[in-house]
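Hi everyone, thanks for coming. Today I'd like to walk you through the salt bridges in one structure, so let's bring it up on the screen.

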Amino acid sequence: MENTRLAKIMKAMEENQVEQMIISDPASIYYLTGCWIHPGERLMTLFLNIDGKVQMVLNKLFPQGNKFTFDIEYYDDVDDCVAVLAKYVKDGKTFGVDKVWPAKFLLRLMELRPGCRFVNSSVLVDHIRQIKDEKEQELMRVSSQVNDMVMEKLYRHVADGLTEQGVADILLDEYEKAGCEGVSFDPIVGYGANAADPHHATDKVTLGKRGDAVVLDIGGVKDGYCSDMTRTVFLGEASEKAREVYHVVLEANLRGIAAAKPGNRFCDVDNACRDYITEKGYGQYFTHRTGHNIGIEDHEFGDVSSVNEEVIKPGMVFSVEPGIYIPGEVGVRIEDLVLITKDGCEVLNRFTKDLLVV
């Protein structure tokens with residue numbers, strides 16, 4: 001059990017007058033216990049009481065042995081699993097519910113404990129997970145270093161006459177060789193017109209042709225922590241227009257990184273990227289937010305958008321990934337992860353952002 005992290009959550013419960021709560025998100029349970037449990041449709045909860053009580057309720061299909069210091073009560077498939085949990089829930093008190101907890105469980109608990117005041121308590125855990133401790137910061141560095149090495153090997157293969165999926169298959173093999181547990185997300189490999197689709201689904205048909213931009217959005221999971229990086233390269237040659245778009249996106253990326261520092265807001269980072277792209281006449285082609293927080297999961301609580309006025313704090317890790325996507329012409333995205341320090345940020349990705357033609 002990560003006692004320091006647990007203590008932070010208990011303190012947040014006290015400050016927000018949440019007397020009891022559950023954590024059911026497997027990623028947050030991993031954050032506290034170091035153990036991944038994927039219960040599927042079955043109930044799994046870590047119950048916390050402000051008095052320090054920690055109790056897990058879990059199906060017998062997922063025995064944990066003696067790995068935890070807290071108690072586990074197991075239930076059978078034929079049991080009323082919510083009634084098992086309800087034994088620990090005091091009626092008439094504020095009860096915090098995880099945002100990912102299925103309604104089928106919540107509605108049953110509301111029947112069993114009608115006097116409770118139910119609130120969304122995920123935000124308490126989310127804000128704590130936003131600030132990476134020193135151990136997590138190092139894990140994020142290592143994960144990004146691995147991603148850099150994989151990108152170094154990958155980008156050359158876009159000129160091998162492979163389909164997008166063929167390049168993605170090489171990527172998966174390289175992550176396995178690098179000791180990753182898997183991918184952070186389904187990788188995006190987009191040739192030509194597909195590069196101008198920000199969330200293109202990598203396909204098994206498209207082949208690259210000379211002059212194509214190729215977007216490579218990749219990330220792997222190393223020791224439980226995600227990486228995420230995007231680079232755009234060109235096949236054979238890059239047109240004058242493509243070069244112009246590339247350098248606008250690159251400058252936007254650099255301006256966003258410069259704005260990523262304590263005291264600024266997430267919207268300040270977004271505006272730094274978006275205002276420059278708009279100034280250069282491409283504002284309508286930057287169609288998504290500038291970034292997202294990342295850690296145990298690729299997309300964690302907190303985003304880098306024009307409406308997020310949350311103040312940036314040391315220990316946060318998020319992406320800066322502006323892009324320009326002109327249908328039928330060219331698509332470019334450049335993405336780095338930044339770790340916020342006391343006086344600025346550390347860019348976790350070191351793979352070159354020079355315009356590469358392969």
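I'll start with the ground rules and then visit a few charged pairs.

This is a predicted model, where local features need pLDDT of at least 70 and side-chain atom pairs count only at pLDDT 80 or more, while totals for chains, interfaces and linings use all residues. Residues are numbered from 1 along each chain as its sequence is written, and side-chain values use heavy atoms, leaving out hydrogens and water.

Searching the whole structure turns up 30 salt bridges, each being a side-chain nitrogen of Lys or Arg within 4 Å of a carboxyl oxygen of Asp or Glu.

Let's look at D76 and K60, whose side chains meet at 3.3 Å, N to O. D76 sits in the loop between β4 (71-75) and α3 (81-86), and K60 in the loop between β3 (54-59) and β4, 16 residues apart. Helices (H or I, at least four residues) and strands (E, at least two) are DSSP runs, numbered from the N terminus.

How accessible is D76? It is partly exposed, at 30% relative accessible area, and K60 is partly exposed too, at 47%. Here buried means under 20%, exposed over 50%, and partly exposed in between, with a 1.4 Å probe and protein chains only.

Next, E73 pairs with K87, with the closest N and O atoms 2.7 Å apart. E73 lies in strand β4 and K87 in the loop between α3 and β5 (94-97), so this bridge ties together parts 14 residues apart in sequence. K87 is exposed, at 55%.
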